[in-house]
Amino acid sequence: MELELKNGLEGNTTITIKGRLDTSTAPELEAKLDSIVPSSKGIVLDMKDLRYISSAGLRVLLKTQKSVGGNGGMRLVNVPESVMEVLEITGFSEILEIESQTGEER
Amino acid sequence: MTFIKLVAATLFPAFLTGIFTLLERKTRFSSWSYVAKQIAVGLAFGGFAVLSTEYGVQLNEGVILNVRDAGPLCAGLLFGAPAGLIAGTIGGLHRWLCVYWGGGTVTRVACSMATFLAGVFSGIMRHTLFDGKTPGIPSAFGIGTTMEVLHMLLVLATNLSDVSHAFLFVQLCSFPMVLCNGIALSLATLVHREPRRKEKTTTRSRNIRQDFGFWLFVCVVIAFFITGSFTQQIIYRITTDDAKLYRNVTLYLVAFMEILIYTALFILIYQMLKKKVTCNLERVNEGLRSITAGNLDTTIDVRTYREFSELSDDVNATVSTLKRYIKEAEERIDQELEFARQIQISALPRTTTSRKDFDMYASMHAAKEVGGDFYDFYLTDNYTLVFLIADVSGKGIPAAMFMMRAKTLLKDSMEGGRPIDEVFGRTNAKLCEGNDANMFITAWMGRLDLRTGRLEYVNAGHNPPLLRRRGGRFEYLRTKPNFILAGMEQSRYRTQTIQLQPGDALYLYTDGVTEAANGSEELFGEGRLERMLSQIGNDASAKAICSNVAEAVKAFAGDAPQSDDITMLCVKMNAIQDKDMTTTFPDDRSFTIVQDFLSNRLETADTPSRTMDRMLVVNDEIWSNIVHYSNASKASLRLGREGDVLYMHYSDDGEPYDPTQATAPDTTLPAQERQMGGLGIHMAKKLSSSMDYEYKDGLNQLKIGFALDIKPQ
């Protein structure tokens with residue numbers, strides 16, 4: 001997995017996640033988010049190159065979602081179909097703000 | 001009667017010397033202090049001088065013959081200057097005083113002086129001429145007679161006013177007294193000498209000093225007889241009575257003076273020769289001996305005379321040229337050894353190989369001299385790892401050449417999948433051919449089947465390796481070794497087999513490790529190696545294990561020079577893996593092993609990417625469940641296909657757990673109330689098309705299916 005960071009104009013941060021987000025790689029994302037969230041006015045996770053996500057990755061998303069609730073929020077963009085499938089199975093699609101790869105707002 | 005008395009007096013000093021010599025050799029007298037000994041000897045010989053004076057041999061006309069002077073002479077010459085001085089003083093004083101109870105007055109001054117001078121003169125001779133050692137018989141005779149000549153000269157010199165009376169004494173006494181004193185001193189010297197040693201220590205040839213002394217002596221004697229016979233002729237040319245007396249006196253005086261002058265000359269020249277030539281030669285020789293003994297840094301620096309200065313410079317120049325040639329030769333040899341070592345090292349494989357299923361590291365710290373250690377490892381096919389470590393007897397170029405031959409033979413013999421005992425047998429037979437130098441090799445070779453973990457090995461007289469089972473400690477893998485390679489042509493080798501499990505590590509080494517010595521000659525030893533290895537964590541890589549040992553050996557040896565190659569090799573088994581199955585110890589690092597296995601297999605099977613992603617997600621969920629909750633020591637994943645369904649078959653020896661019975665979490669709660677528990681199993685169920693569990697043979701068996709063209713449940 002690789003992470004790329006970009007700071008937006010309104011003080012929000014975009015993180016591009018590439019590769020797999022699973023047991024071996026989730027701790028890295030978690031550490032990165034832990035260092036950004038307190039000072040950020042909103043997190044955007046760009047998932048266009050994310051191959052798949054497992055429950056270890058979901059745990060990080062849930063934790064972040066809980067902590068940024070009133071702090072600009074977290075948004076998932078360019079979510080590919082395979083990841084979307086997992087989010088739907090687990091009901092995460094109901095609690096997260098998601099923009100799928102096709103640009104469709106949900 | 002007169003004659004017997006004289007003989008007895010002449011023998012007496014020898015008798016006295018004999019007594020002291022025996023006391024010195026046989027009794028505790030030898031442990032007396034130097035001063036005490038000198039006083040004892042001085043008193044004894046002083047006593048002899050007194051007796052000599054008292055019991056002299058009466059000749060007619062009041063002339064008394066004696067050997068008084070022999071007392072102080074013996075004491076000074078044979079025992080030391082202080083003893084001579086004491087004896088001379090006693091004898092001289094007594095002679096002076098004896099006038100009061102009947103001693104002769106004519107020779108009073110001359111005799112007292114002569115006795116005292118005998119003690120002094122002999123002491124000086126002992127220290128200058130003979131370096132405190134016992135002189136030879138001729139020298140002793142010469143000193144005795146010279147002293148008496150001086151005595152006679154003094155008699156004449158102190159009585160020049162009444163020369164006719166004095167001359168009577170001299171005429172009667174001179175010959176017997178000179179002779180008796182000479183003989184007395186010679187006999188005493190003979191008694192005092194060390195018993196002649198049977199073997200001659202260094203060389204029989206005379207030294208310069210002796211030779212020179214002898215010829216000088218001959219010259220002095222000849223010169224004396226020439227002038228003697230010349231003056232003898234004058235005696236018969238002058239006849240008047242009065243003139244005859246003065247003529248005789250003069251002749252005696254001349255003769256005595258001649259003897260004294262020649263003796264003085266002899267001593268002077270002898271002494272000069274000794275000081276100026278012999279001593280300097282000794283110094284040059286001392287330097288040369290040191291150089292011959294191998295100390296090329298010795299310089300000779302005798303600067304007393306130009307000749308010795310030049311000799312010193314020439315010797316020094318020769319030595320420095322020699323040193324330069326030796327240094328140049330050493331440098332050339334060092335350079336060639338360095339090339340040899342580089343060739344040797346480049347013949348060994350790269351030190352490290354790391355794969356998902358095994359981890360391998362080898363290192364060789366060569367000693368200064370090129371040595372005969374080597375290792376080798378290679379894959380004969382994708383699933384067979386061959387590794388070996390070996391030590392050729394001896395060091396240097398011969399060992400290195402033998403090592404190259406052995407390495408090539410071993411590798412060549414492996415071709416065609418020959419059993420390893422046969423590989424050793426063949427190599428042994430070939431090495432035995434033409435092994436004129438009688439070299440031999442100890443070697444340990446293993447062939448590991450990475451699909452099953454089965455390790456076949458054969459040991460030809462090599463140190464036992466250490467094996468660590470997963471979670472255990474390193475222990476010596478002691479099995480009866482076979483005979484060394486290249487020792488006997490008919491040697492037979494036997495293969496042994498053990499089963500390795502994922503996580504097991506095997507450490508091989510040569511005796512350079514266990515026989516590394518520290519400054520106090522203590523060896524590193526097998527026990528220390530075992531303890532040291534056991535301190536290394538289970539997670540350490542093969543490279544870390546080798547580096548740790550190498551550092552420990554280095555720290556142990558300190559500044560002590562490394563005498564042998566330190567070679568080691570470590571193989572660590574990460575996973576047992578065949579085409580469709582991987583088995584490993586379920587820990588944090590196993591995730592990548594299993595994920596890589598899975599994605600590689602699915603990619604080669606052209607699995608649709610959607611199915612593949614689902615399988616990877618499910619595997620992550622199931623595998624993390626095994627790693628985190630099962631306490632299993634071994635887990636495996638096998639892939640299979642039945643028609644249009646792909647299966648992932650998990651098997652682990654952990655606590656029984658049936659995921660199909662897990663309750664699904666509530667996936668409709670708002671974010672703040674969501675919990676993660678059970679989510680992974682829920683996902684696995686949803687993403688797969690079937691999930692079957694059974695507990696069988698002590699193993700959790702979970703079979704998860706993915707239909708290739710059907711959407712998930």
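Visitor: Let's start with K327(B). Is K327(B) buried or exposed?
Guide: K327(B) is exposed, at 52% relative accessible area. Bear in mind that this is a predicted model.

Visitor: What does the side chain of K327(B) meet in a salt bridge?
Guide: E331(B), with N and O 3.8 Å apart. E331(B) is partly exposed, at 46% relative accessible area.

Visitor: How are E331(B) and K327(B) placed in helix α10 of chain B?
Guide: They sit four residues apart in α10 (residues 306-346), so about one helical turn separates them.

Visitor: Which residue does D644(B) form a salt bridge with?
Guide: R641(B), where the closest N and O atoms are 3.9 Å apart. D644(B) counts as partly exposed, with 47% relative accessibility. R641(B) counts as exposed, with 51%.

Visitor: How many salt bridges does the structure hold over all chains?
Guide: 29.

Visitor: And how many between chain A and chain B?
Guide: Four. One of the pairs in a salt bridge is R51(A) with D613(B), at 2.8 Å from N to O.

Visitor: Where do D613(B) and R51(A) come from?
Guide: The pair crosses between chains. D613(B) lies in helix α17 (residues 609-630) of chain B, and R51(A) is in strand β3 of chain A.

Visitor: D613(B), buried or exposed?
Guide: Buried, with 9% relative accessible area. R51(A) is partly exposed, at 28%.

Visitor: Which residues are linked in a network of salt bridges?
Guide: E30(A), D34(A), R59(A) and K63(A).

Visitor: Back to the interface. How many residues are in contact?
Guide: 24 residues of chain A are in contact with 28 of chain B.

Visitor: What area do chain A and chain B bury between them?
Guide: About 2,200 Å². Carbon and sulfur atoms carry 58% of it.

Visitor: Which residues in chain A lose the most area to chain B?
Guide: K66(A), E85(A) and I89(A). Together they account for 23% of what that side buries.

Visitor: How many residue pairs are in polar contact across the interface?
Guide: The rule finds 13, counting pairs with both residues at pLDDT 80 or more.

Visitor: Which elements of chain A supply at least two residues to the side that touches chain B?
Guide: β3 (43-53), α2 (55-67), α3 (81-89) and α4 (92-95) each do. α2(A) gives the most, with seven residues.

Visitor: How do the residues on that side of chain A divide?
Guide: Nine are nonpolar, eight polar and seven charged.

Visitor: Staying with helix α2 of chain A, what about G57(A)?
Guide: G57(A) is found in that helix. G57(A) is buried, with a relative accessible area of 0%.

Visitor: What does G57(A) touch, leaving out residues up to four places away in sequence?
Guide: L21(A) and A26(A). The C-alpha atoms of G57(A) and T25(A) are separated by 8.2 Å, and those two residues are 32 apart along the chain.

Visitor: New topic. How many residues of helix α3 of chain B are buried?
Guide: 10 of the 10, so this helix (residues 70-79) is largely enclosed by the rest of the structure. Among the buried residues are P72(B), C74(B), L77(B) and F79(B).

Visitor: What covers the buried residues of α3(B)?
Guide: The cover includes α1 (2-26), α2 (34-54), α4 (81-97), α5 (108-128), α6 (137-157) and α7 (163-192), in chain B.

Visitor: What follows α3(B)?
Guide: G80(B), with a positive phi near 140°.

Visitor: Last one, cysteines. How many disulfides over all chains?
Guide: By this rule, zero. C173(B) is in no disulfide, and its nearest cysteine sulfur, that of C111(B), is 8.3 Å away. C173(B) is buried, at 4% relative accessible area.

Visitor: C570(B), buried or exposed?
Guide: Buried, with a relative accessible area of 0%.

Definitions and conventions. Residues are numbered from 1 along each chain as its sequence is written. Chains are lettered from A and ligands numbered from 1 in the order in which they are written. This is a predicted model: local features need pLDDT of at least 70, side-chain atom pairs count only at pLDDT 80 or more; totals for chains, interfaces and linings use all residues. Side-chain values use heavy atoms; hydrogens and water are left out. Contact means heavy atoms within 4.5 Å. Buried area is the accessible area (1.4 Å probe) that two parts lose on being put together, summed over both. A polar contact is a pair of N or O atoms within 3.5 Å; within protein, one must be able to donate a hydrogen and the other to accept it, and residues adjacent in sequence count only if both atoms are side-chain atoms. Ala, Val, Leu, Ile, Met, Phe, Trp, Tyr, Cys and Pro count as nonpolar, Asp, Glu, Lys and Arg as charged, and the others, Gly among them, as polar. A disulfide is a pair of cysteine sulfur atoms within 2.5 Å. Buried means under 20% relative accessible area, exposed over 50%, partly exposed in between (1.4 Å probe, protein chains only).
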